[in-house]
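This report walks through selected side-chain pairs, an interface between two chains, and the make-up of those chains. The sequence and structure come first.

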Amino acid sequence: MAASATPLPEGQGLPEVQRPNIPSAAVRFPAIRTYDQVDREIAATLGPSLGWFGALGTAILCMLIGATAWTYQIHEGLGAAGYQPPVMWGVYIVTFVFWIGIGHAGTLISAILYLFRAGFRTSIYRASEAMTVFAVMTAGLFPILHLGRPWKFFWLIPYPNWRLVWPNPKSPLVWDVFAILTYLTISSTFLYIGLIPDIAILRDREKNPIRKAILSTLSLGWRNSDREWRHFTRAYLFLAAFATPLVLSVHSVVSFDFAMALVPGWHATIFPPYFVAGAIFSGLGMVFTIAIPLRKAFKLEHYITLNDLDAAAKLCLFTSSVVGLAYLTEFQVAWMSGNRYEQDYFWNRVFGQWAWAAWIMLICNMVLPLSLWSQKLRRNPSWLFILSLFINLGMWFERFVIVVPSLSHEFEPWQWGTYRPTWVDYSILLGSFGWFFMWFLLFVRQLPVMAMAEIKEVILPPMKTRYDFSHDLTQGAIDPDETGVAH
Amino acid sequence: MQGVLGAFREVDSAVDAIEDLKKERFGDITVFTPTPRHEFEHVLAHGPSKVRIFTLIFGLAGVTFGYWIAVWISDYWPIVVGGKAIAAWVPFTIFGFEVMVLIGGLATVFAMFAFSGIPRLTMTVGYDARFSGSQFGVWVVTDPDRADDAMTVLRKHGAEEVRRER
Amino acid sequence: MSQDTKKTGVKRREFLKVLGATSAAVAAAGCSEDTGKLIPYLVSPDQTVPGVSSYYATTCRECSAACGLIAETRDGRAIKLEGNPDHPLNRGALCARGQSALQGLYNPDRFRSPMLNDGGTWKPITWDDAIVRLSQGMTQARGGSRAGGGVFINQHESGSFPRLLDGWLAAFGMPPHLSVDFEADAAAIEANRRTYGVAWPALSFTDAKLIISFGADFLDSWGASVPQQLDFADARAKLDGAPRFIYIGPRRSLTGLNADEWIACKPGSELSIANALAGKGSLQQAATDSGVDLAALQSLANELAAAKPALVLSGVTGENALDVALAVAAINQASGAVGVTIKPAQPLTAFEGMANTGQLLGAVERMRGGQVGIAFVRGVNPAYHLPKAANFAEAFLKVPFRVSFSSFPDETTELCNLVIPDLHPLESWGDAEPVRGTIALQQPVMDPVFRTNSKTIPVALGTADVLIQVAKKDAAVAAKYPAADYRSTLIAAFPGGAQALGAALPKGLAAGTRPPRTLAGAPAAAPRAMSIDGAQGDFFLITFPSPLLGDGRGANKPWLQELPDPVTKICWSSWVEIHPETAQRLGIDRGDILEVKTTNGTVRAPAFPYLGVHKDAIAIPLGQGHRAANAIPTFNPMTHTAGEIQWGYGRYARNLGINAFDLLPVGTHAAGGFIWTATKATVTKTGDHETLPSTEGSARQHGRGIAQAINSADLNKPAGGESGEPKEALPGDASHEFLPGLRSPVAADAQGELGAPTAADQGKNKGMYRDDDIRGMAKRRWAMTVDLARCTGCSACITACNAENNVPTVGAFWQNATIFADQKPGLNIARGREMSWIRLERYFEGNPDGKFGQDFETRFVPMLCQHCGNAPCEPVCPVYATYHAPDGLNVQVYNRCVGTRYCSNNCPYKVRYFNWFGYGESDRKQYAFPEPLNWQLNPDVTVRGKGVMEKCSFCVQRIREAENRATLEHRELQPDEFTVACAQGCPSRAITFGDAADPNWTVAQLAHDKRAYHVFEELNTYTAVVYLKKVNHPAAGATAPRA
């Protein structure tokens, strides 16, 4: 196992069957020997540090800049932003879709990979689930923020009201409301449920009475009894089973905002799969951006092993190819459609006024990830980190290319236009990152960034006899029917 | 309620202890384990969780409500938009699905809470902090006169600590 | 209001109008500034019902022509101007400038009271004071060395006032006044006078077989544009019987763009072409002079010879203008036009008695010579209109006492000692003689906007009344003026007196004539002709009055500033037109700032590459460049007080663009007219660049069939492939059997679930439009047809819409002011944030980059909300803010809108407009209706708030008003009983509105015209706006250019 430099525990020789780059179902964390070690090392990540305060301060500052800009925009009117009709949607919707996309990796990793029994999820899923919740919280702001009359946003929410008119259920924007609110609820529930046993652990380790009281409340009096575990694992399984199609549906619905419109460049049937793939791709990008510094800062390299990064990188490569295929398909469809509006638009996209944006998108999302075919680079955290930054950039521009050029080059030539954001747009974009990282930083220092209970499940249990690996490798540990919790 | 609590360092010794306890006809055995292990499931041999039923029922309720609310909204004040039918059920599938996930998911969680008896206000007897850490606990509910037998069984299998609780 | 309404329903009210107008106390409390906004009336005058409009007939004074107006007033405030259907000239139509008179009336920069220039500082004085000072001034001017040396420069008008003025001047021993109209074509008038004995014979385009115009822009500002446009449109509406129209001149103006053929000749060479056509010169010579190839001239000559009668017009503005005009007159006589297409028997008397620039310059010389003791200006602005070279200011300041009767602070007024603001024509009495034998009456439609600061003079005085008051103060003169005021003078002069006048006022017209005012030969300065070819420079400099701002008098009206120029689509700015090829040669891009230099001056303005200008010429419009001595760099409406004078012709005109007069030498041609095209200029490219505030996206259709045309020859071929539409029609273009398609089936049908929809299917599958459908969608279908064969692109419909629907103007430089945003005029327009609900798209066809000679075609398309049957904007709105009304309207509910702007994204026609700022909130910089402009707002229409979407409503308020009136009168709506604002104002009658579900409405018949088509039909939107293809008349053998 190149994944770890530390030697194996004595008395527990490796099973014979070992292939390179494939984490063994039995010994996934060779450097982690005892349950106590898990508790000790992960609990050590809690509690503030100087660098953390610095980061948090920066995040809050950015958020305040965004908040100021928004206040000003509300007072002055949307004209303060850079909208230039016919480009009626701009940076805000772009950023909205961007964050929603980010918000997809978490549930993907914790739910879909869980159903697929993908081992590498164990160490990263907690962090990415938190990322999901905060990303959706960020994204949720933008539909409100881009309204002409944001103080009326609640008119989109269906509830019995004196206006006697309910929202229009035929409008994709109302579908958004349902999809996003559901997604936010379910993913945060998912996050919390997974946290309960770990909070119980912290509770039992905690000396400070106040913190202990808080943790006890949060842990809902969890006792690790077999009964609790039985229902817990079952419920977790079903939640995963719900969350999986939910992930797919949410970004499909978001893509309907565009696909349901007539606009050339939006009106395409491949949008749902294309958006979902893009979302997962961007989400994985953000996971790298977050997890790689995290494992370094918290000295958890032997938890998030190179094998895990490697596997995630493969998934990243896969989604990147799906997205790339979608790009090319769009051009091919336009070319073969014989529809002049489509053709004009796509020509304008790559060779016209928006070429620069389109090429940023194509290079960052299609070309650069090809480097992941090389195992050396897949196992090189620094490269993965750099690449992930490019992916984030590229995916933001993918949404930009979808939203802005389409609107600026529609049916009516007389109304062809352009678009240039103002400082307000940029400040609010910055603010969204501030808002997101503020929450994330608060999270990582208060709650375990890794699922301690699950890691304990993966590592070798304390036994008085030698652990029977054959049990794992044949049917045992990786058999979905017998285990509730994944590996 | 009173009984005997034994704390073990190793999984297999806890398992062996439980097997013996069962042989000794100790019925009500609870295992505290830092992480779910199949060994305990096998030895305790409880039936599958009932959570699934709630998931199913409320999922179905959700999908029904989802469709219904969308149709009701449309008919409540029928407004023609885009020459489309007033109650266009095809797009309403989205509401059906989303509400199904929402209600079904939440129902699952609450069912889980209900079955495993949380939230629990007080730690009841028979729990020890170390069980969330690195040790496995076996809690046997028994009347005082048989308590000693249980304790011997637990000790025999190398329980690090055995104590009587009430 | 349509003609019918006036004939049927309104009689009762019209009687009230008379009372209303003639009783001095009309709407006494109605219009003073200090009245609460919500309740205009404390005590309502008997004859006005709050919330119900009264209509007053009066006369338009925006240009010399004197069209008839119907002013709609609500609670004592004029809110809309429309053409008087009975008026012989404009027959119910009204141009953009005429409709904008309201913004002159309510202009926020109007003087509130008389002003006195007290050693450089201006201070308000009372009316009494002002009159005293004026009479003292008169007394002084009468005696002394400069005795009898008075100059009164008045904006040209016909009717009684000029004679009253002359009499008054005479009484004080002064020469008659100079009646000036800078836009009038002196050469044409002189030629007409010599040839036909009248200043302006009636022109008939309908009777012509061929129309040739030598730079006569009869659709812009040459002559009386509205009647000319009406008649031209009628001529074009004869489709295959319509006359071909050939435009000869160096620049293709709006009129030129309506021509079937453009012969781009060198400036100044029109004469040799005209002579050749008149047979006084050889075509070969003409070809060499004009740089036009011989073949074109030859075919022109042949065509002219064949077509009798033709109508040939001259509007040349060069030094040889008179000769051209005379040559043209000869051509007309030769082709038997006189009496048929040119009718000297029915002259437009409005152009009689006009003084020319030569005489004005003569007066300037007299001022400079110190012979003038007192000078008056009224309604004219010579300090702006006369080139710098004329040194008007310097001469004017030599006059000891200078009085201005201008209502607005302008360049000339700034030079005066005393300002006695005139009343706006809509506030004052008067009359005019538009055509011989008809008197057009002018009556106040409301009380003066501003209350006076004087007890003895409760109501502000018009100039005429001021003159009378002054006369009464002078013992020697008083006797001549028995009447109390001008009104009673008019009544006295009117045959039949008050009774007859009262009877005539409702129609605003009376038979009769005013004795023509003799041009008591004001000595003219000697004509200073110069040969343009002699002048130095690379390019001929063409200057022309803007069709909207005119010679600059419209520049202080936001409607006109915001209205895109019909040709270039630029607003709130000046520009330099240059041919694309030339531009390419010089490396000039659209928006590059050019430095244009002549021997007389230099200006800097952005370039606009334009196919329609001669390769060796550049063109600059007049009308902008109003500046004041004390130029205020920025204007902050939040800190502005009403008393503060905005010199430079008001806040909306100051510091915009450049004044092309600065470039021109002082030259008058043989007829005494000013020479516009007088010099050459050098053009140098400066480094600077600016985004032109233009509403133009792409000037080409890219074959998308938005503006479709058909050759007259193809009109009678069967519809379909040969119907003249582009062969490369869009794939999926629905077949025309689908027409009218006004009834939309449900979406499933539209998307072809029942196979390709056919007429039969239309009958069967109407979905919710079934007659028995509970939603009642089938009962009515409000719809509109736009006849592109009639539309000239004049843009009057836009102003009509702005006035009717309270559409804000957004281009003033302070309206885009946000933190870190530069305050730039028209920045909101450059950002595509214009608000006008209807826009005129101007598409060029053929001749992609000017490589292929001068041959290109222009198509104008009024584009407004199409009120689709399957409206894409409706289903995407999350809050039902836009939905489909049972009568087919696509309704926008402002209060319901949260501003997601999804509807606009999904609108293929891009006709939805968003309130980016609080244009309707008086406490904001962006406020579009500063007091008292907000008095004009139509009470029937909401002023939209910040952050909501708005769009054309098919004037739903007019629809409901008509329906309610019908209900009250217990009857059904009559076909064509009413119409919408744009259709009502349209001076070419291109727009028809009505109920397409009822075959008795005109629109229902027009919708089935063989030229009818829907824009983007292949999108299955089932639009309610049906366009009728433009009809091209290519020269025999040639085919019209096509994209």
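This is a predicted model: local features need pLDDT of at least 70, side-chain atom pairs count only at pLDDT 80 or more; totals for chains, interfaces and linings use all residues.

C:R553 is buried, with a relative accessible area of 16%.

**Salt bridges**

C:R553 forms a salt bridge with C:D181, and the closest N and O atoms are 3.2 Å apart. The arginine sits in the loop between β20 (539-545) and α22 of chain C, and C:D181 in the loop between β7 (178-180) and α7 (186-196) of chain C, so the pair ties together parts that are 372 residues apart in sequence. C:D181 also counts as buried, at 11% relative accessibility.

A second pair within chain C is C:E394 with C:R368, whose side chains meet in a salt bridge at 2.9 Å, N to O. Here helix α16 (residues 392-396) holds C:E394 and helix α14 (residues 357-368) holds C:R368, so the bridge ties together parts that are 26 residues apart in sequence. C:E394 is partly exposed, with a relative accessible area of 36%. C:R368 is likewise partly exposed, with a value of 22%.

Over all chains, the search of the whole structure finds 77 salt bridges. In chain B, a network of salt bridges links B:R9, B:D128, B:R130, B:E160, B:E161 and B:R163.

| Pair | N to O distance |
|---|---|
| C:R553 and C:D181 | 3.2 Å |
| C:E394 and C:R368 | 2.9 Å |
| A:D344 and C:R704 | 2.8 Å |
| C:R839 and A:E412 | 3.6 Å |

**Where chain A meets chain C**

The side chains of A:D344 and C:R704 meet in a salt bridge. A:D344 lies in helix α10 of chain A and C:R704 in the loop between β25 (679-689) and β26 (709-711) of chain C, so the pair joins two chains. Is each partner buried or partly exposed? At 21% relative accessibility, A:D344 counts as partly exposed, while C:R704, at 2%, counts as buried.

Another bridge between these chains is formed by the side chains of C:R839 and A:E412. Across the interface of chain A and chain C, the rule finds 3 salt bridges and 36 residue pairs in polar contact, both residues being at pLDDT 80 or more. The elements that give two or more residues to the chain A side are α2 (50-76), α5 (172-205), α7 (226-259) and α10 (340-351). The largest share, 4 residues, comes from α2(A). By class, this side of chain A has 35 nonpolar, 12 polar and 10 charged residues.

In terms of contacts, 57 residues of chain A are in contact with 67 residues of chain C. The size of an interface is often given as the accessible area lost when the parts come together. For chain A and chain C the buried area is about 5,000 Å², and carbon and sulfur atoms give 56% of this area.

**Helix α10 of chain A**

The 12 residues of α10(A) should span 16 Å at 1.5 Å a residue, and the end C-alpha atoms are 16 Å apart, which agrees. A:N339 caps the N-terminal end of α10(A), with a side-chain oxygen 2.8 Å from the backbone nitrogen of A:Y341. The buried residues of α10(A) are A:Y341, A:E342, A:Y345, A:F346, A:N348, A:R349 and A:V350. Their cover includes α9 (306-337), α11 (355-367) and α13 (381-408) of chain A.

C:Q103 is found in helix α4 (residues 101-105) of chain C. This glutamine is buried, with a relative accessible area of 6%. Not counting residues up to four places away in sequence, C:Q103 touches C:K557, C:P558, C:W559 and C:L933. The C-alpha atoms of C:Q103 and C:P558 are separated by 7.7 Å, although the two residues are 455 residues apart along the chain. The side chain of C:Q103 reaches the backbone nitrogen of C:W559 at 2.8 Å.

C:Q561 lies in helix α22 (residues 558-562) of chain C. C:Q561 is buried, with a relative accessible area of 2%. A polar atom of the C:Q561 side chain lies 2.8 Å from the backbone oxygen of C:A555. Residues touched by C:Q561 include C:L549, C:C571, C:W572 and C:Y652.

**Chain composition**

Chain C has 31 helices and 37 strands, and buried residues make up 68% of its 1043 residues. Chain A has 16 helices and 0 strands, with buried residues making up 64% of its 487 residues.

Terms used. Residues are numbered from 1 along each chain as its sequence is written. Chains are lettered from A and ligands numbered from 1 in the order in which they are written. Side-chain values use heavy atoms; hydrogens and water are left out. Contact means heavy atoms within 4.5 Å. Buried area is the accessible area (1.4 Å probe) that two parts lose on being put together, summed over both. A salt bridge is a side-chain nitrogen of Lys or Arg within 4 Å of a carboxyl oxygen of Asp or Glu. A polar contact is a pair of N or O atoms within 3.5 Å; within protein, one must be able to donate a hydrogen and the other to accept it, and residues adjacent in sequence count only if both atoms are side-chain atoms. Ala, Val, Leu, Ile, Met, Phe, Trp, Tyr, Cys and Pro count as nonpolar, Asp, Glu, Lys and Arg as charged, and the others, Gly among them, as polar. The expected span of a helix is 1.5 Å times one less than its number of residues. Buried means under 20% relative accessible area, exposed over 50%, partly exposed in between (1.4 Å probe, protein chains only).
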